[in-house]
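Here is a friendly walk through one protein model, from its core out to its surface. Have a look at the sequence and the fold first, and then we can go through the details together.

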Amino acid sequence: MSFSSMVVSLPIADRQASFAFYRDGLGLEAIGEPAEDGVPEPLQFALGDGIRLMLVPAGGFGWVIGDREVAGRGQSECVLGVGRADEAGVDDLVERARRAGAEIVTEPGEQPWGYSGAFTDPDGHLWLATAGAPT
């Protein structure tokens, strides 16, 4: 089975901060026309062909997950892995994240699974960049 598209949705606390982090900090392309606050609604970014990241205010995220609790900052239920072509690509992404205010969880370097580095976005969601991983 394969899917024609995929949307990864994450709860956020502040639309403006998340918009700036992903657009300006990581250089991702926002999708859609800006709402009154200047941020697209829904707030989505293109990650690749058929893959989007949607950032949903935590209060609205509850509409989707029902009676489950939204994980608090620092509680990671998943790791968002992104492949970069080479070590320089990993270094660049982690450095961009650092300049945008990310917490660097693991500095870029050689790991048992390959060259990688990890950081969190403004809401504590964990990102892992790995060299040579499928893109």
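Helices (H or I, at least four residues) and strands (E, at least two) are DSSP runs, numbered from the N terminus. This is a predicted model, where local features need pLDDT of at least 70, side-chain atom pairs count only at pLDDT 80 or more, and totals for chains, interfaces and linings use all residues. Residues are numbered from 1 along each chain as its sequence is written, and side-chain values use heavy atoms, with hydrogens and water left out.

Let us begin with the core. A nonpolar core is a set of buried Ala, Val, Leu, Ile, Met, Phe, Trp, Tyr and Cys residues joined through side-chain atoms within 4.5 Å. Buried means under 20% relative accessible area, exposed means over 50%, and partly exposed lies in between (1.4 Å probe, protein chains only). The largest nonpolar core has 23 residues, of which Tyr-22, Leu-55 and Phe-119 touch the most other members. Elements giving two or more residues to this core include helix H1 (15-25), strand E4 (51-57) and strand E7 (114-120). Helix H3 gives the most, with 4 residues. Leaving out residues up to four places away in sequence, Phe-119 has contacts (heavy atoms within 4.5 Å) with, among others, Phe-21, Leu-93, Val-94, Ala-97 and Trp-127.

Now to the charged side chains. A salt bridge is a side-chain nitrogen of Lys or Arg within 4 Å of a carboxyl oxygen of Asp or Glu, and the structure holds 5 of them.

| Salt bridge | N to O distance |
|---|---|
| Asp-24 and Arg-23 | 2.6 Å |
| Glu-95 and Arg-98 | 3.0 Å |
| Arg-98 and Glu-107 | 2.8 Å |

Why are Glu-95 and Arg-98 separated by about one helical turn? They are 3 residues apart in helix H3. Glu-95 is partly exposed at 30% relative accessibility, and Arg-98 is partly exposed at 32%. Glu-107, at 44%, also counts as partly exposed. Salt bridges with shared partners also join Arg-15, Asp-37 and Glu-41 into one network.

Finally, the surface. Met-6, Leu-47 and Ile-51 make a nonpolar patch of about 250 Å². Such a patch takes residues with over 30% relative accessible area and no salt bridge, with nonpolar side chains (Val, Leu, Ile, Met, Phe, Trp, Tyr) joined within 5 Å and like charges within 9 Å. Areas come from the Shrake-Rupley method with a 1.4 Å probe, and for residues only the protein chains shown count as cover. Met-6 lies in strand E1 (residues 6-12) and is partly exposed, at 48% relative accessibility.
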